[in-house]
Amino acid sequence: MKLTVNGDTVTLDGATVADLVTQLNLHGRRLAVEVNRDIVPKSEHATCSLRDGDVVEIVHAIGGG
């Protein structure tokens, strides 16, 4: 399926937010994920299904001091 992720077209081999995070090699990071303008809590990444054409925004926290 094709998604728009942070403004770029991405072809996803899986079906969930967790699959997308894994495909993008972002697992294990502190992320905020939004699908079609709705925040998806981390606890729901494995169950949140994505559909062809969905718009996803992913940001990750960067610590510093």
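**A walk through the sheet and its loops**

Modeller: Let's start with Thr16, which touches His45, Ala46, Cys48, Ser49 and Leu50, once residues up to four places away in sequence are set aside; contact here means heavy atoms within 4.5 Å. Before going on, bear in mind that this is a predicted model, in which local features need pLDDT of at least 70 and side-chain atom pairs count only at pLDDT 80 or more, while totals for chains, interfaces and linings use all residues. Residues are numbered from 1 along each chain as its sequence is written, and side-chain values use heavy atoms, with hydrogens and water left out.

Thr16 sits in the loop between β2 and α1 (17–23). Those labels come from DSSP runs, numbered from the N terminus: helices are H or I with at least four residues, strands are E with at least two. Thr16 counts as buried because its relative accessible area is 13%. The cut-offs are under 20% for buried, over 50% for exposed and partly exposed in between, using a 1.4 Å probe and protein chains only.

Now for the sheet. It is an open one of 5 strands, in the order β2-β1-β5-β3-β4, and the pairing is mixed. At its edges are β2 (8–11) and β4, each pairing on one side only. Ignoring direction, neighbouring strands are turned by 35° against each other on average; for such angles, axes are lines fitted to C-alpha atoms, for helices over the stretch in contact, and the angles between N-to-C directions run from 0 to 180 degrees. Two strands are said to pair if DSSP finds at least two bridges between them.

Follow that order from the β2 side. Strand β1 (residues 2–5) runs antiparallel to β2, and 4 bridges join the two. Lys2 has Thr11 as its bridge partner in β2, while Val5 is partnered with Asp8. The hairpin of β1 and β2 has 2 residues between the strands, and Asn6 takes a positive phi near 50° there.

As background, side chains in a regular strand alternate between the two faces of the sheet. In β1, the covered face carries Leu3 and Val5, and the uncovered one Lys2 and Thr4. Lys2 is partly exposed, with a relative accessible area of 48%. Its side chain makes a polar contact with the side chain of Thr11 at 3.2 Å. A polar contact is a pair of N or O atoms within 3.5 Å; within protein, one must be able to donate a hydrogen and the other to accept it, and residues adjacent in sequence count only if both atoms are side-chain atoms.

Next along is β5, which pairs with β1 in the parallel sense over 2 bridges; Thr4 has Val55 as its partner there. Val59, also in β5, is exposed, with a relative accessible area of 52%. Leaving out residues up to four places away in sequence, Val59 touches Arg30, Leu31 and Ala32. Val59 and Asn6 are 53 residues apart in sequence, yet their C-alpha atoms are 8.7 Å apart in space.

Leaving aside neighbours within four places in sequence, Asp54 is in contact with Lys2, Leu3, Thr4, Val35, Asn36 and Ser49. Asp54 is buried yet has no salt bridge, and the nearest side chain of opposite charge, Arg51, is 5.6 Å away. A salt bridge needs a side-chain nitrogen of Lys or Arg within 4 Å of a carboxyl oxygen of Asp or Glu; as for charge, Lys and Arg count as positive and Asp and Glu as negative, while His and the chain ends are not counted. What the side chain of Asp54 does reach is the backbone nitrogen of Arg51, at 2.8 Å.
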